[in-house]
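Work through the exercises below with the model open. Try each task before reading its solution.

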Amino acid sequence: MAGATGVLRGRLDPRPLPTVSVAVLAAVWACNLLPKVFSVSESLRSVRARIAAAGRRGSQREMLQRVRLIAVSKFIPSDLVKEAHDAGQVDFGENYVQELLEKSATLPQTIRWHFIGRLQSNKVKKLLDVPNLVSIETVDSAALAERIAAAATHREQVLDLSIQVDTSNEATKGGVSPDAALPLAEHVAALSPHVRLAGLMTIGAPGDLSAFERLHQLRHRIAQQLQVVEEELQLSMGMSGDFEEAIKRGATSVRVGTSIFGTRPPKE
Ligand SMILES: *Cc1c(COP(=O)(O)O)cnc(C)c1O
């Protein structure tokens, strides 16, 4: 009798079976699809499209030549960095000397590394051992710039240095005051043939879009004073939360982490 009831129920009420199948299908779908939705190459594609749209002139390729995308990979495992590099990303940013040393030792030399973290003078020599380090964006004192220039004499490539400016008056984030940026830029520009004044960088307080405008105006003053073409000085500003706003205000370089790699794992 029990078997007959089961058959009968199965016939009269066909829902239990399909429900199970739907759940199985949904699980299979999720397993196949989620990694694709959150894949690094997909996020990169989306960030590039957003950069192009924020510029609103020229093709995506032209925009990406005008605005450099630095993929910020702090705390991100090397295999994901490799995935982004395989997807065509060349510029990467790191914040910690030790982490960069470890990653650069195993990752392809075709990566262009940008140092974007606080730099202590006693770590400069180690940092400059990374052969494919192309820039340091966080120069905030003449003494640090001199250390870097001295350590750079053995390198083949000229190292790009940017002055980090504290545009939101937030001492915690580092950087020199806008008033101190001009003399420091003059100093860096005249320092050594092994380093080059590349431009200005700022982090800015979240939501403070006027920080981007202040950095832009500061570049104008510095270019006039140094008698260089303003557009030849980089403006590195804008992160995941505000890179489009930064581009609209003249950024030539944006540093994007979370929008490419997802939320960072906490540092151990
Ligand atoms: C971590 C970091 C970024 C990237 O921030 P996201 O919000 O993850 O895009 C950019 N610039 C600096 C200096 C950083 O330390």
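**Exercise 1. Find the residues that Leu197 touches, leaving out those up to four places away in sequence.**

Solution. Leu197 is in contact with Leu161, Ala185, Val188 and Ala189. Contact means that the C-beta atoms, placed from the backbone, lie within 7 Å. Helices (H or I, at least four residues) and strands (E, at least two) are DSSP runs, numbered from the N terminus. Now judge its burial. Leu197 is buried because 25 other C-beta atoms lie within 10 Å. The cut-offs are 20 or more such atoms for buried, 12 or fewer for exposed, and partly exposed in between, with C-beta atoms placed from the backbone. Last, take a distance: Leu197 and Leu184 are 13 residues apart along the chain, and their C-alpha atoms are separated by 10.0 Å.

A note on the source. This is a predicted model, in which local features need pLDDT of at least 70 and side-chain atom pairs count only at pLDDT 80 or more, while totals for chains, interfaces and linings use all residues. Residues are numbered from 1 along each chain as its sequence is written.

**Exercise 2. Name the residues that touch the most other members of the largest nonpolar core.**

Solution. The core has 60 residues. Leu161, Val188, Leu200 and Val254 touch the most other members. Such a core is a set of buried Ala, Val, Leu, Ile, Met, Phe, Trp, Tyr and Cys residues joined through C-beta atoms within 7 Å. Then follow Leu161. Beyond four places in sequence, its contacts include Ile136, Val139, Ala145 and Leu197.

**Exercise 3. Describe strand E8, residues 253-256, and its pairing.**

Solution. Start with the side chains. Ser253 and Arg255 point one way, Val254 and Val256 the other, and all are buried. In a regular strand the side chains alternate between the two faces of the sheet. Now look for the partner strand. E1 (residues 68-72) pairs with E8 in the parallel sense over four bridges. Pairing requires at least two bridges found by DSSP. One of the links joins Arg68 to its bridge partner Ser253.

**Exercise 4. Describe the shell around the ligand.**

Solution. Of the 13 residues around the ligand, Val72, Ser240, Arg255, Gly257 and Thr258 come nearest. A residue counts as near if its C-beta atom, placed from the backbone, lies within 6 Å. Strand E8 and helix H12 (258-261) each supply at least two residues of this shell. Sort by class: five are nonpolar, six polar and two charged. Here Ala, Val, Leu, Ile, Met, Phe, Trp, Tyr, Cys and Pro are nonpolar, Asp, Glu, Lys and Arg are charged, and the others, Gly among them, are polar.

**Exercise 5. Which residues of helix H6 (residues 97-106) are buried, and why do they line one face?**

Solution. The buried ones are Val97, Leu100, Lys103 and Ser104. Seen down the axis of H6, they fall within an arc of 130 degrees, so they line one face of the helix. The arc is that of the directions from the helix axis to the C-beta atoms. On the other side, Gln98, Ala105 and Thr106 are exposed. The cover over the buried residues includes helix H5 (78-86), strand E2 (91-94), strand E3 (112-115) and helix H7 (124-127).

**Exercise 6. Is Gln227 buried or exposed?**

Solution. Gln227 is in the loop between helix H10 (210-226) and strand E7 (234-236). Gln227 is exposed because 6 other C-beta atoms lie within 10 Å. Its phi is near 55 degrees, a positive value in a residue other than glycine.

Conventions
Contact = placed C-beta atoms within 7 Å.
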